Amino acid sequence: MNIILFGPPGAGKGTQAKHLVKNFNGFQISTGELLRDEINKDTEIGKKIINDMNEGRFVNDEIINSIMKNIVFDKKKKNRLIFDGYPRSLNQAKNLSSLLDASDQKIDYILFLNVNKETILKRIEKRKLLEKRSDDNAITIIKRFDTYMKTTKPVLDYYSKNTNFHEIDGGLKIEEITNKIDKILRV
Ligand code: AMP
């Protein structure tokens with residue numbers, strides 16, 4: 001089963017992805033984590049993306065699409081993909097669709113964690129203390145939220161017509177969201 005977790009930064013996608021990995025034997029594909037890894041390892045990609053990441057801008061689609069190609073075609077991960085933070089633009093969504101077609105896979109569920117800006121600001125302030133991410137500060141958070149609204153919202157409109165699209169109140173407690181997701185996946 002392949003799943004897309006969708007929602008603004010701070011919606012809880014990463015937390016729910018980890019739960020899905022544990023309970024459904026999936027692989028969490030977090031583009032944010034993959035990109036932070038490139039920066040920490042100081043790779044060529046890392047050098048190219050560090051400024052965009054630190055300032056809350058999207059990394060260009062070409063880099064994201066090339067990273068994704070290797071993952072979608074990885075046999076070990078076939079039909080066990082839990083996408084967290086990808087796709088974030090229509091271009092990425094279309095690229096994913098071609099990669100899945102070419103590897104004989106499809107998206108089984110699209111789970112949209114819907115949270116408002118105020119809740120996100122509060123949550124990310126907390127996460128900043130726990131995870132010490134360099135892009136978790138108020139100015140960057142607002143920028144990331146605005147980028148999400150501008151670039152990612154069209155992806156949401158694109159997916160929301162699908163019958164496997166489910167909207168979940170991302171303002172609920174973690175366990176409540178987990179329960180809702182489990183119910184959807186068990187039907
Ligand atoms: P995240 O950990 O998902 O909040 O992502 C952190 C940052 O990584 C974002 O603000 C972007 O700069 C970059 N990023 C993560 N995923 C993507 C993506 N799918 N497309 C473009 N940039 C991304």
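Five strands make up an open sheet, ordered β2-β3-β1-β4-β5, with parallel pairing. Strands count as paired if DSSP finds at least two bridges between them. Strands (E, at least two residues) and helices (H or I, at least four) are DSSP runs, numbered from the N terminus. The edge strands, β2 and β5, each pair on one side only. From one strand to the next, the twist averages 20°.

This is a predicted model: local features need pLDDT of at least 70, side-chain atom pairs count only at pLDDT 80 or more, and totals for chains, interfaces and linings use all residues. Residues are numbered from 1 along each chain as its sequence is written, and side-chain values use heavy atoms, leaving out hydrogens and water.

| β2 | 27-30 |
| β5 | 165-169 |

Contact means heavy atoms within 4.5 Å.

The largest nonpolar core has 29 residues. Such a core is a set of buried Ala, Val, Leu, Ile, Met, Phe, Trp, Tyr and Cys residues joined through side-chain atoms within 4.5 Å; buried means under 20% relative accessible area (1.4 Å probe, protein chains only). Ile 4, Phe 6, Phe 83, Leu 96 and Tyr 159 have the most contacts inside this core. Helix α4 gives the most to it, with six residues. Beyond its neighbours within four places in sequence, Leu 96 contacts Ile 4, Val 72, Phe 83, Tyr 86, Pro 87, Ile 107 and Tyr 159.

Definitions and conventions: Axes are lines fitted to C-alpha atoms, for helices over the stretch in contact, and angles run from 0 to 180 degrees between N-to-C directions. Buried means under 20% relative accessible area, exposed over 50%, partly exposed in between (1.4 Å probe, protein chains only).
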